[in-house]
Amino acid sequence: MSKKLTGTEYHQQWKKQNPTYMSEWRAANGERMKQTNKLYYEKHKARILLEYSKPITCECGNTMRRNNYPRHLKSPTHARLMKEKQSKE
């Protein structure tokens with residue numbers, strides 16, 4: 001009798017057995033994915049833009065829009081402020 005796999009275990013086992021499936025699928029269905037994503041964005045545009053425009057405060061102390069946060073994390077300003085914050089502690 002084999003052990004019943006949890007969802008995560010099953011997913012990991014499947015990925016080991018099919019290492020290239022998803023990249024092949026994306027290559028074969030790229031245009032379909034683009035069209036689906038475009039339609040989703042158009043349908044939910046107001047909600048998406050509202051969510052991205054909300055202000056967020058970084059741990060360094062700067063406040064910015066949510067959509068600019070990933071870029072801010074890579075900025076020299078963020079690195080400098082985090083270094084200053086760590087030196088104070």
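Predicted model: local features only at pLDDT ≥ 70, side-chain atom pairs only at ≥ 80, totals over all residues.
Student: At roughly what angle do the axes of helix α2 and helix α3 cross?

Tutor: Helix α2 covers residues 21-28, and helix α3 covers residues 30-43. Their axes come within 4 Å of each other. The crossing angle is roughly 75 degrees.

Student: How is the orientation of α2 to α3 described?

Tutor: The axes of the two helices cross at roughly 75 degrees. Angles of 65 to 115 degrees fall in one class. Therefore α2 is, relative to α3, roughly perpendicular.

Student: Which residues of α3 make the contact with α2?

Tutor: On the side of α2, the contact is made by Trp 25, Arg 26, Ala 27 and Ala 28. On the side of α3, the residues are Gly 30, Arg 32 and Met 33.

Student: How many residues in the contact of α2 with α3 are nonpolar?

Tutor: The contact of α2 with α3 includes two charged residues and one polar residue. The number of nonpolar residues is four.

Student: How many salt bridges does the count come to?

Tutor: A salt bridge requires a side-chain nitrogen of Lys or Arg within 4 Å of a carboxyl oxygen of Asp or Glu. By this rule, the count of salt bridges is three.

Student: How far apart are the closest N and O atoms in the salt bridge of Glu 51 with Lys 54?

Tutor: Glu 51 is partly exposed, at 34% relative accessibility. Lys 54 is also partly exposed, its relative accessibility being 40%. In the salt bridge between Glu 51 and Lys 54, the closest N and O atoms are separated by 3.2 Å.

Student: Which residue forms a salt bridge with Arg 80?

Tutor: Arg 80 is partly exposed, with a relative accessible area of 45%. With the closest N and O atoms 3.5 Å apart, the residue that forms the salt bridge with Arg 80 is Glu 84.

Conventions. Residues numbered from 1 in each chain as written. Heavy atoms only, no water. Axes fitted to C-alpha atoms, helices over the stretch in contact; angles between N-to-C directions. Parallel < 35°, antiparallel > 145°, perpendicular 65-115°, else oblique. Contact = heavy atoms within 4.5 Å. Nonpolar A, V, L, I, M, F, W, Y, C, P; charged D, E, K, R; others polar. Buried < 20%, exposed > 50% of the residue type's maximum accessible area, 1.4 Å probe, protein only.
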